[in-house]
Amino acid sequence: MARRVTLLALLLAAGASLHAQPAPAPAPAPAPPQAEVPATGPLPVDPAVTVGTLPNGIRYYVRQNRRPENRVYLRLVVKTGSVFEEDDQLGLAHFLEHMAFNGTEHFGPGELVAFFERIGAQFGPHVNAYTSFDETVFMLQVPTDQEGLVDRGLQALADFAGGITLAQAEIDKERGVVIEEWRLRLGATWRILEQQAPVLYHDSLYAERLPIGSPDILKTFPPERLRAFYDTWYRPDRMAVIVVGDIEPDAILPRVRELFGAIQPRAPAAPEPPRGVPPHDETLVSVASDPEAQASSVSVLHKQPKRSQGTVEDYRRDVVRQLMYQMLNLRFSEIAQRPDAPFLAAGAGSQDIAVATTATSLSARVQDGAIAPGLEALIIEARRAREHGFTQGELDRARRSLLAAYERAYNEREKTESSAYAAEYTRNFLEGEPIPGIALEYDLVRKFADGITLEETSAAARELLLDTSRVVLATSPQ
């Protein structure tokens, strides 16, 4: 049920994604347990997915799922991104992502693009990749109703993992493409991002390593610096391959082992860069305006170290937090419906902002010129929840809504798209998000929800809605 929020959505604060909370759903009808519910200890892995680790360290996830039919979603996930760059490599993690499509061991320059065009795959919807601070992910969608195509897709991912050729001529051709992409990103979104990232990531390497990089370096870097990044950080023990779709796992697994098991390190392991985001006592503020900004918004974030999430006890703690956020969101929804509401919409939740750092986020979309009253309302409600907690009626309402949401997810489990599973397994590899399956999650929520007390949710508010390590991000049209 967890959902990863992109860095960009976080930095732009509220925006169009905020909406009024729906009316609370009636309590779901009781349903028989669908999975054995452990009392304590590690959460099990959903038995529908086959997870393992090859001798060279590459992790794999393989699952059969027939939505959509005759399609398979393939991913190569690499635990490296722009934070791993040296000062003379700014932008090379993203540049390397581009170069994967410009010549590999089994696909010459232009051949991979021609292959995807031949099978009807389009760049964007079916063939895509992204580079972030901490990871690079390659995503392919391949038909399964034509013999050999899945194997070619797997071969492409294996080449990305260990066989990118990085020819001098192709590097020089790609420089212009990446520079043009850099120019296209110089819109309101990125201008605001460049203002807010140093504040959110104060005193950390993240503040200096936006994935888009430096145009001066992209124009002039020696090819050996790109090869050094590839050899150092694209190591088998930093990778996972994900296969989800209309396939037979027993037929796919041997090929996964064969193709990816042959990949070996090309350089010694290097120490990881420091990826902590230090705490701070003062409140840090960024007020960013831009002529092309589409709306005004404000967010209040409290940064804190990420907590473990792999055990039954961790899951119960997170259910307590979900209920706390749900009650806070219900209050925000009621405020937004008032004639004199200080914001158009508001929401609360938890968002990962770095590999070891999360943030409690209170965000509001406001009328232009009304950032101050919107911010004041967010802070007042946070303080009210922290100092006075919630009422029994609010908890009962939030509990019903949470149970109804999990029941819907369980009842619609057969409609889950393969892309959703692929995204979930990506988060498991990168962040350790548990993957016990919706049947067990539904049973865990039903088991815990009734026993969670007002004191527990109030304690969660006191823990999460603090004034320390606080950041205020405001955005508005100029």
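User: Where is the place of glutamate 258?

Analyst: Happy to start there: in this predicted model, glutamate 258 sits in helix α9, which covers residues 249–261.

User: Why does glutamate 258 count as exposed?

Analyst: Exposed means over 50% relative accessible area. Glutamate 258 has 52% relative accessibility, so the residue counts as exposed.

User: What makes the pair of glutamate 258 and arginine 255 a polar contact?

Analyst: The cut-off for such a pair of N or O atoms is within 3.5 Å. The side chains of glutamate 258 and arginine 255 are joined at 3.0 Å, so the pair is a polar contact.

User: And how far is glutamate 258 from leucine 54, in sequence and in space?

Analyst: In sequence they are 204 residues apart, while their C-alpha atoms are 9.8 Å apart in space.

User: Now the whole chain. Why does the radius of gyration of the protein chain agree with a compact globule?

Analyst: A compact globule with 478 residues would have a radius of gyration near 23 Å; the protein chain has 23 Å, so the two agree. Along the principal axes, the C-alpha atoms fill a box of roughly 65 × 55 × 40 Å.

User: What share of the residues counts as buried?

Analyst: Buried means under 20% relative accessible area, and 54% of the 478 residues count as such.

User: Which share of the contacts comes from residues 24 or more positions apart?

Analyst: Among contacts with a separation of 6 or more, those residues account for 85%. As for secondary structure, the protein chain has 15 helices and eleven strands.

Conventions. Residues numbered from 1 in each chain as written. Predicted model: local features only at pLDDT ≥ 70, side-chain atom pairs only at ≥ 80, totals over all residues. Heavy atoms only, no water. Helix = DSSP H or I, 4+ residues; strand = E, 2+ residues; numbered from the N terminus. Rg over C-alpha atoms; globule rule 2.2 N^0.38 Å. Buried < 20%, exposed > 50% of the residue type's maximum accessible area, 1.4 Å probe, protein only. Contact = heavy atoms within 4.5 Å. Polar contact = N/O pair within 3.5 Å; in protein donor to acceptor, adjacent residues only side chain to side chain.
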